[in-house]
Amino acid sequence: MSVKSFDRNLSNAFAAMMLFTAVSAAGISRAKAQEANTIVMKNFDFSPMMLTVKAGTTVTWKNLDGEPHTVVSPDGVFRSHALAQGDAFTFKFDKPGTYKYICSIHPKMRAAIIVQ
C-alpha cells in the first residue's frame, strides 16, 4: 500500500468516525429529551416522584415492574388502564397546575406533576 492510499484511507476512516459521532450525539440528545418527560414504574414506585414540565408537554409513564400498575389522577383529569410490564401511557398537560396521581392497584404509589 502506498503512502498516498494509506492517507486517503485514514482520511475516509476519520470522516466516517466523525459522521458516526455526530449522528450518535443527535440520537442521544433526542433520547434524553424523550427520557426527560418519562416516568418509570419500578419496584412499586414512580420515578421520579415529582416532575416539573411546561404547559403543552406530553408525559409518558412506562411500567418496568412485573406487576400491573395504573396512572390515575384522583380528580379524573387522566386515567390509564392497567399497564402490564413494558406498557406505557401518555398524557399531554395543557394547563398549569399541580397534578397528583396514584396507582389505583397499589395506592401507596403516589406522585405529582407540576405544570408551569
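β1 and β2 pair in the antiparallel sense over 3 bridges. Here two strands pair if DSSP finds at least two bridges between them. Strands are DSSP E runs of at least two residues, numbered from the N terminus. This is a predicted model: local features need pLDDT of at least 70, side-chain atom pairs count only at pLDDT 80 or more, and totals for chains, interfaces and linings use all residues. Residues are numbered from 1 along each chain as its sequence is written, and side-chain values use heavy atoms, with hydrogens and water left out.

The two strands form a hairpin with 2 residues between them. Asn43 in the turn has a positive phi of about 55°. Val40 has Ser47 as its bridge partner in β2.

Phe44 lies in the loop between β1 and β2. Its relative accessibility is 40%, so Phe44 counts as partly exposed. The cut-offs are under 20% relative accessible area for buried, over 50% for exposed, and partly exposed in between, with a 1.4 Å probe and protein chains only.

Phe44 touches Asp65, Glu67, His69, His106 and Met109, not counting residues up to four places away in sequence. Contact means heavy atoms within 4.5 Å. Met109 is 65 residues from Phe44 along the chain, yet their C-alpha atoms are separated by 6.5 Å.

## The four-stranded sheet

β1 and β2 belong to an open sheet of 4 strands, in the order β2-β1-β4-β5 with mixed pairing. β2 (45–47) and β5 are the edge strands, and each pairs on one side only. Neighbouring strands are turned by 20° against each other on average, direction ignored. Axes are lines fitted to C-alpha atoms, and angles run from 0 to 180 degrees between N-to-C directions.

β1 and β4 run parallel and are joined by 4 bridges. Val40 stands opposite Lys62 in β4. In a regular strand the side chains alternate between the two faces of the sheet.

## The three-stranded sheet

A second open sheet has 3 strands, ordered β3-β7-β6, again with mixed pairing. β3 (50–53) and β6 (97–102) stand at the edges with a single partner strand each, so one side of each is left without a neighbour in the sheet. Neighbouring strands here are turned by 20° against each other on average, direction ignored.

β6 pairs with β7 (residues 110–115) in the antiparallel sense over 6 bridges. Thr98 stands opposite Ile114 in β7.

## The nonpolar core

The largest nonpolar core has 19 residues. Such a core is a set of buried Ala, Val, Leu, Ile, Met, Phe, Trp, Tyr and Cys residues joined through side-chain atoms within 4.5 Å. Phe46, Trp61, Val71, Tyr101 and Ile113 touch the most other members. β1 (38–42), β3, β4 (57–63), β5 (88–93), β6 and β7 each give two or more residues to this core. β7 gives the most, with 3 residues.

Ile113 touches Ile39, Leu51, Val53, Val59, Trp61, Phe93, Gly97, Thr98, Tyr99 and Tyr101, not counting residues up to four places away in sequence.
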